[in-house]
Amino acid sequence: MSVAVTVESIQKSFANFAALRGVSLDVQPGELVALLGPSGSGKTTLLRLVAGLEQADGGRVLFDETDTRQLSLRDRRIGFVFQHYALFKHMNVAANIAFGLKARPRLERPGNAEIDKRVSDLMELVQLKGLERRFPVQLSGGQRQRVALARALAIEPRVLLLDEPFGALDAKVRKDLRGWLRDLHRRTGHTTLFVTHDQEEALELADRVAILNEGRLEQVGSPDDVYDHPATPFVCEFLGEANKLPVKVVGSQAFFGDRPVLGGLQQNQGGPASLYVRPQHLRIVDDAPLSLPGVVEDIRRNGALRRAEVAVQGLAKRLDVDLASQVAPALGERIRLRITHGSLFAAA
Ligand SMILES: Nc1ncnc2c1ncn2[C@@H]1O[C@H](COP(=O)(O)OP(=O)(O)O)[C@@H](O)[C@H]1O
Ligand SMILES: [Mg+2]
């Protein structure tokens with residue numbers, strides 16, 4: 001029932017503003033892809049194009065082999081959930097979920113008993129059994145979004161499009177719903193495009209993450225791929241914290257000043273580069289041929305971890321170092337840091 005979605009070289013401008021500049025993306029049947037990017041990067045525009053609510057200036061969208069321009073809006077069979085609850089306020093939960101089915105032309109409309117059965121199954125699926133007669137105002141934000149999702153699923157969509165569905169909810173609820181949606185997707189297997197500007201949400205939820213920046217896709221890959229092997233500095237910085245070191249690549253080593261700090265490099269593009277290192281990829285070592293000396297200038301709490309700020313001679317900004325299971329250094333202590341993983345980008 002779920003289709004493959006192929007987005008081919010999509011261009012879309014509003015007046016003179018290019019919102020999408022040649023975006024191509026393949027989504028496999030049953031795959032959950034997160035579309036991640038800052039506000040204004042074109043995420044909603046891309047979703048609306050897939051839904052058929054917007055026409056592209058160039059390129060096309062296919063569902064399996066079919067060009068979507070050949071499909072009416074209804075034949076696309078899209079389930080859409082928006083950030084702001086679009087539930088019908090004057091209808092109770094059950095009526096909201098049944099709406100898409102009842103609105104069908106008579107010949108395609110399931111019988112009442114079948115609609116009731118489907119609503120009941122969906123209430124179970126989204127874990128809201130017993131709340132059928134409630135009205136949207138009598139639900140929490142998280143419950144409303146689960147109803148919105150049930151309503152989108154009721155029509156047995158071929159593609160599920162979710163535009164920041166948890167964006168208006170508080171952090172704790174968002175986090176709970178993330179795991180819940182992940183499970184639900186495992187069970188139902190709809191081809192899903194999930195828009196978010198929250199990198200944690202994208203990395204935790206998605207089979208693959210597509211990172212959009214100013215109307216262009218910077219990278220598409222598994223969460224591990226994009227996090228550990230970012231294709232561009234933008235992806236690296238958008239997905240999490242990173243220290244930035246100006247280095248020079250000579251042979252298979254990167255040098256900070258005249259000190260080699262990273263070895264075993266594959267790329268043979270010598271010359272100036274930027275080395276991005278995440279705080280958890282700096283380890284305090286006793287001595288190592290490849291290490292960076294520094295002084296601990298601050299230690300503070302950072303969520304579950306403690307974080308040291310380390311001043312390094314020749315570097316304007318202190319390095320952030322996560323002290324996961326490392327022995328904590330003392331303030332003012334001189335230490336050596338080894339880079340366990342980094343991403344190199346040729347200097348612009
Ligand atoms: N209907 C429209 N008319 C004019 N500009 C638009 C319209 N829709 C979107 N835009 C512009 O296109 C860019 C991308 O918007 P959007 O796709 O909503 O981004 P995102 O969802 O990533 O925040 C923004 O700069 C936005 O102002
Ligand atoms: Mg948007």
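Strands S1 (residues 5-14) and S2 run antiparallel and are joined by eight bridges. Strands here are DSSP runs (E, at least two residues), as helices are (H or I, at least four), and both are numbered from the N terminus. Two strands count as paired if DSSP finds at least two bridges between them. Val-5 stands opposite Val-27 in S2. Helix H1 (residues 43-51) packs on the sheet and touches S1, S2 and strand S4 (58-63). The direction of H1 makes about 120 degrees with that of S1. Contact means heavy atoms within 4.5 Å. Axes are lines fitted to C-alpha atoms, for helices over the stretch in contact, and angles run from 0 to 180 degrees between N-to-C directions.

The model is predicted: local features need pLDDT of at least 70, and side-chain atom pairs count only at pLDDT 80 or more, while totals for chains, interfaces and linings use all residues. Residues are numbered from 1 along each chain as its sequence is written, chains are lettered from A and ligands numbered from 1 in the order in which they are written, and side-chain values use heavy atoms, with hydrogens and water left out.

The sheet is open, with four strands in the order S2-S1-S4-S5 and antiparallel pairing.

## The five-stranded sheet

A second open sheet has the order S15-S19-S16-S17-S18, again with antiparallel pairing. S15 (282-285) and S18 (319-322) stand at the edges with a single partner strand each, so one side of each is left without a neighbour in the sheet. Neighbouring strands of this sheet are turned by 50 degrees against each other on average, direction ignored.

S17 and S18 run antiparallel, joined by four bridges. Val-310 has Leu-319 in S18 as its bridge partner.

## A hairpin

Strands S9 (residues 208-213) and S10 (residues 216-221) pair in the antiparallel sense over five bridges. Ile-211 is bridged to Gln-219 in S10. Two residues lie between the strands of this hairpin, and Glu-214 takes a positive phi near 50 degrees.

## Two domains

The domain assignment gives domain 1 (5-237) and domain 2 (243-346). Such bounds come from an automatic or database assignment. The C-alpha centres of the two domains lie 40 Å apart. Their contact takes nine residues from domain 1 and seven residues from domain 2.

## The largest pocket

The largest pocket has a volume of about 790 Å³. On a 1 Å grid over the protein atoms alone, a pocket is an open set of points with protein on both sides within 12 Å along at least five of seven lines; a cavity is a set where a 1.4 Å probe fits but cannot get out. Lining residues have an atom within 4 Å of a point. Grid points are joined across faces, edges and corners, and a volume is the space filled by probe spheres set on the points.

The lining holds 23 residues, with Ile-78, Gly-79, Phe-80, Gly-100 and Ile-155 nearest the centre. Helix H2 (73-76), strand S6 (78-81), helix H3 (93-102) and helix H5 (141-154) each supply at least two lining residues. S6 gives the largest share, four residues. By class, 14 are nonpolar, three polar and six charged. Nonpolar here means Ala, Val, Leu, Ile, Met, Phe, Trp, Tyr, Cys and Pro; charged means Asp, Glu, Lys and Arg; the others, Gly among them, are polar.

## The second largest pocket

This pocket holds about 330 Å³ of space. Its lining has 16 residues, with Glu-200, Tyr-227, Leu-239, Gly-240 and Glu-241 nearest the centre. Helix H7 (199-205) and strand S17 (305-311) are the elements that give two or more residues to the lining. H7 has the largest share, three residues.

The lining has six nonpolar, five polar and five charged residues. Why does the second largest pocket lie between domain 1 and domain 2? Both domains give residues to its lining, so it lies between them.
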